[in-house]
Amino acid sequence: MIITCPHCKKQHNIDEKRIPPNVRMARCQGCGQQFPLDIPREETPPPPPPQPAPIEAAPAQESPSSTPRASQETTRRIGVSLSKGGVGKTTTSVNLAAGLALAGKKVLLVDTDTQGQSSFMLGVKPKGGLTELVTGELPPQEAIIQARKNLWILAGGKSLAGLKRLIDRKDYGGELTIAEALTPLEKDYDYVVVDTSPGWDPLTVNVLFYVNELMTPVSLEVMSIQGFGEFLKSIASIQKFRKEVELRYILPTFRDMRVKRGSEFLEEIEKIYGDKVCSPIRYNVRLSEAPAYGQTIFEFAPGSNGAQDYRDLVRKVTGEPDLFT
Ligand SMILES: Nc1ncnc2c1ncn2[C@@H]1O[C@H](COP(=O)(O)OP(=O)(O)OP(=O)(O)O)[C@@H](O)[C@H]1O
Ligand SMILES: [Mg+2]
């Protein structure tokens, strides 16, 4: 194909097939000036947008009290907490709660983080949540919504800033605000799983005055050993006032077999904490993709390492090794 430089009119014989599709300008070998290349090209169609996997329709809302619980034992209250950010607290809370629900347990997931990610991860948009429950703006049957079969959620989000202020203003008993709101409701559930925010704020303290069991995700990737030590000190300070709260599970997250320091750290915590240490959750990109589709790992990628690891966690927490087999 012959093209002519618009500046010096020199003609160039070019093979248009050798010009990459994104190249739109050429430099004339005669006068050295640039000019736009006007080559007819076959446009490559843009790739189709990613298709979300089909999502199960939101269940018709049923009252948690309308079906019996899996067990008559006392409701187990599990807080998922570590002051360090980004260690997998919300991923763990949501997938642990969803896994327990799949195992037939009735579960209430409570989000105490202003980021409000738990409801986002489950693809539901509640009109209120924990704040509205505590302030009485919404009755429990409206503040708590059903997200899946056996799984209900009490959402967090920006409005929790107001709840923090309300707690701060109380002259005494502020640390019991969440416990007072949740205790009358918990009888309908086998498990209450509470996600916490990073950092240490009045809501975290409230959670520690409500839950009996703590699950602490410790990232093996970001070397959060120091954050873990600090967190243990903070728990000890609460245990002086409330003996019932116990560090029950240490959950190593972001396990990457290629990172040697991660394996050493895992061995160290296993030596100290023995069977409190759960099987690690491996680094799995499917876990980070699922939230964009409002799906749990069991819905989004049931065969993935992430789903396998969270099933293991459900077996550990329930003490039922034959679940999901
Ligand atoms: N095992 C994993 N493999 C890969 N990505 C993961 C894994 N666990 C969590 N993620 C991703 O890492 C990011 C942080 O996880 P997550 O939000 O659960 O942490 P967090 O402790 O709740 O954070 P924050 O302290 O901000 O509340 C998210 O994008 C999540 O999708
Ligand atoms: Mg979180």
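Start by colouring the two domains: the protein splits into domain 1 (2–35) and domain 2 (70–318), with bounds that come from an automatic or database domain assignment. Their C-alpha centres sit 62 Å apart.

Some housekeeping: this is a predicted model, where local features need pLDDT of at least 70 and side-chain atom pairs count only at pLDDT 80 or more, while totals for chains, interfaces and linings use all residues. Residues are numbered from 1 along each chain as its sequence is written, and chains are lettered from A and ligands numbered from 1 in the order in which they are written.

Next, select ligand 1. It has 20 residues around it, and Gly85, Lys89, Thr90, Thr91 and Pro198 come nearest (a residue is near if its C-beta atom, placed from the backbone, lies within 6 Å). Helix H1 (89–102) and helix H10 (285–289) each give at least two residues to that shell; helices here are DSSP runs of H or I with at least four residues, strands are runs of E with at least two, and both are numbered from the N terminus.

Buried means 20 or more other C-beta atoms within 10 Å, exposed means 12 or fewer, and partly exposed is in between, with C-beta atoms placed from the backbone. Of its 69 residues, Ala97, Val107, Leu108, Leu109, Leu154 and Val193 touch the most other members. H1 gives the most to this core, with 7 residues.

Click on Asn150, in the loop between strand S7 (144–148) and strand S8 (151–154). Is Asn150 buried or exposed? Buried, with 25 other C-beta atoms within 10 Å. Check its backbone too: Asn150 has a positive phi of about 70° although it is not a glycine. Most residues other than glycine have a negative phi.

Move on to helix H5 (residues 160–169), whose buried residues are Leu160, Leu163 and Ile167. Look down the axis of H5: these buried residues fall within an arc of 45°, so they line one face of the helix (the arc is that of the directions from the helix axis to the C-beta atoms). On the other side of H5, Ala161, Arg165, Asp168 and Arg169 are exposed.

Last stop: Phe324, in the segment after H12. Phe324 is partly exposed, with 14 C-beta neighbours inside 10 Å, and its phi is also positive, near 65°.

Methods. Core = buried A, V, L, I, M, F, W, Y, C linked by C-beta atoms within 7 Å.
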